[in-house]
Amino acid sequence: MKKLLDLRFVIGIFFAVVGALLLIYDLTTGQNKMMDTSVNIWSAVLFLVFGAGMIVLSYTNKINE
Amino acid sequence: MKLELIDYLVIAVYFLFVVTIGYVLKKKIKTGNDFLMSNRSIPLWITSLAFISANLGAQEVLGMAANGAKYGLYSVHFYWMGAAVAMIFLGVFMMPFYYGSKARSVPEYLAMRYDEKTRGFNAITFAVMTVFSSGISLYALAMLLNIILGWDFNVSVFLAAGIVLIYTFLGGLTSAVYNEVLQFFLIVLGIAPLVYIGMHKAGGWHGIMQNVDDAKLHIWKGMAHASTNPMGVDAFSLVFGLGFVLAFGYWCTDFLVVQRAMISKNLNSAQRTPVIASVPKILMPIIVILPGIILLALQKQFTGFELPLNADGQTDYNMTMPLLLAKLYPNGILGVGITALIASFMSGMAGNVTAFNTVFTFDIYQSYIKKNASEKHYLYVGKGTTIIGILISIATAYVARSFNSIMDLLQLVFSFVNAPLFATFFLGMFWKRTTANGAFYGLLSGTVAAAITHGLTTAEGKGGWIANIHTFYSGTSQAFNIAGIAFIVCFIVTFLVSLFTEPKPENTLVGLVYSLTPRQKDKTRIWYKNPLVLGVIVLLITFILNIIFY
């Protein structure tokens, strides 16, 4: 519960969840090809990487001055 | 535009998170100070992002994309000249007075520096403006969701207002600020793929250069005269009206944004908050203006990218962002894009409501209705004011739906009140001889001057309700000139009245006026902790950007 007070952790979880939803959706439907690869796939990867980065940051406590 | 289950899921996840943030923070709220001021305990990175996010409302996301399509690159002046310089000035020169005086709000600073009548004037006009702005934001959100998704107006109003009420009521200002940071990342990351896809489809920057009118791809070219650039503004009006008066008036005196810096942990963080915030701010045109320019390039190359007409039969530039979302995003990421739009509206609304409850509780209720009550009492008042603020917002949304012209009129009146405000603060902070009567009558005169200027001039069919003695090339030019005249009148009247009235004793102005306040020495001597050094670096970057896109 205490971790939920760390905004970096909350933001990280949010983007990880949204990224996972997009990934699952695209892998199960796989029909939204706007460019060479699916927009949903690379957006999902972007969100997952950003979310993971925020979660890692929340455990370092360096910028929470 | 048709949403699927995945899009609704993304929206639901967002709603769940914002409410959870409010619920988790509820336990930290014990006093009125916790609820309304976050007990001055928020980390620097959060205050910095909340500082720009409080401004990242619908007007920014939808309005600037519209400006991008209407005026092209010239719209970046709102960022590179307007916001950046003013934010650095606030951090370096004005924040020591706001934070150092221990004022809890901007009107309270005015009470300390001048007197109660100046505070009352500012507090009441600000409280009315914020709560109506919140309602206008709510109305715009409901209309947008109705037009692009077919959602029922009533459902949209009560759903959005209900969620903002839950998280601001539970967690107060801290909850609003935390959600603003989440909303910032959601808006940036939710719209960034749109920019990338749009650029790709338009043929990259080369494709934009080939397909967009060259007159819209510069920021200073043709500024010698209002008739030779798409914005219809000349360089003097731009630099003085926007770059000085409007930008400084908004970023340095509007409590809605200044409040985000005032809740920092210490003075140095409070000073660095707007300076650090200016870095993402100068990059924000990539997210909010570039889509408008991309649309222009796509219109030349493909069909189906034409903007619809509004009720007056004019091109509805406000539909720029929704049109791009509908055309370029598939389901899934479309849900993220729509959520980003909803977040921008909710961010603007929550920012207004939290600023409203702070000013009402501290500057109206505590000052004029009940002094010296317990902290618990002010906590209840703050929470009650939050509910009332949301209810007035809902009522305003319905009034706006029935009488759209009344909302236009209200926004116009607000602009008259805001225009001269910076002169009052500027003179008060940097001229110790400025008196309370000078400030009060200067503010009144500036507001009246703004209204008269609007009544005597026209632009795009608006204004001229007294007589038409001048026609501006655009509404933007008219707004910049009204602000400039209001500032000059306020400045002169404040100066003259101050010369003939009694100033406050100097010992009561220590910490409130520049020449009477001891300079703080930077003990750390670390460059990135020095707001002045950071500010100079940002200004240099801004200057280089202006040259590159000349």
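**Briefing: the contact of chains A and B**

Residues 39-59 of chain A are 100% helix and 0% strand, with the end C-alpha atoms of the stretch 31 Å apart. The model is predicted. In it, chain A and chain B meet in a contact that takes 24 residues from chain A and 24 residues from chain B.

**Annotated segments of chain A**

- An unreviewed UniProt entry carries the annotation "transmembrane region" for residues 7-27 and 39-59 of chain A.
- Residues 7-27 of chain A are 100% helix and 0% strand, and 30 Å separates the end C-alpha atoms of this stretch.

**The side of chain A that touches chain B**

- The contact draws 24 residues from each of the two chains, A and B.
- On the side of chain A, the elements that give two or more residues are helix H1 (7-29) and helix H2 (39-60).
- H1(A) supplies the largest share of that side, 10 residues.
- By residue class, the side of chain A that touches chain B comprises 18 nonpolar, four polar and two charged residues.

**Packing of H2(A) against H8(B)**

- Two packed helices are described by the angle between their axes and by the distance between those axes.
- For H2(A) and helix H8 (residues 153-202) of chain B, the angle is about 140° and the axes are 11 Å apart.
- Angles over 145 degrees count as roughly antiparallel and 65 to 115 as roughly perpendicular; H2(A) and H8(B) are therefore oblique to each other.
- The crossing of H2(A) with H8(B) is right-handed.
- H2(A) contributes Val39(A), Ser43(A), Leu46(A), Phe47(A) and Phe50(A) to this contact, while H8(B) contributes Leu189(B), Pro193(B) and Ile197(B).
- The residues of the contact of H2(A) with H8(B) comprise seven nonpolar, one polar and no charged.

**Two residues of chain B**

- Tyr250(B) belongs to helix H10 (residues 235-253) of chain B.
- Tyr250(B) counts as buried because it has 20 C-beta neighbours inside 10 Å, the cut-off being 20 or more.
- Tyr250(B) and Met112(B) are 138 residues apart along the chain, and their C-alpha atoms are separated by 21 Å.
- Leu391(B) is found in helix H17 (residues 375-402) of chain B.
- With 14 other C-beta atoms within 10 Å, Leu391(B) is partly exposed.
- Leu391(B) and Leu165(B) lie 226 residues apart in sequence, and their C-alpha atoms are 9.4 Å apart in space.

Notes: Residues are numbered from 1 along each chain as its sequence is written. Chains are lettered from A and ligands numbered from 1 in the order in which they are written. This is a predicted model: local features need pLDDT of at least 70, side-chain atom pairs count only at pLDDT 80 or more; totals for chains, interfaces and linings use all residues. Two residues are in contact if their C-beta atoms, placed from the backbone, lie within 7 Å. Helices (H or I, at least four residues) and strands (E, at least two) are DSSP runs, numbered from the N terminus. Ala, Val, Leu, Ile, Met, Phe, Trp, Tyr, Cys and Pro count as nonpolar, Asp, Glu, Lys and Arg as charged, and the others, Gly among them, as polar. Axes are lines fitted to C-alpha atoms, for helices over the stretch in contact, and angles run from 0 to 180 degrees between N-to-C directions. Angles under 35 degrees count as roughly parallel, over 145 as roughly antiparallel, 65 to 115 as roughly perpendicular and the rest as oblique. A crossing is left-handed if the near helix is turned anticlockwise from the far one by less than a right angle, and right-handed if clockwise. A residue is buried if 20 or more other C-beta atoms lie within 10 Å of its own, exposed if 12 or fewer, and partly exposed in between; C-beta atoms are placed from the backbone. UniProt positions are given in the numbering used here, feature names are shortened, and annotations may be inferred rather than shown by experiment.
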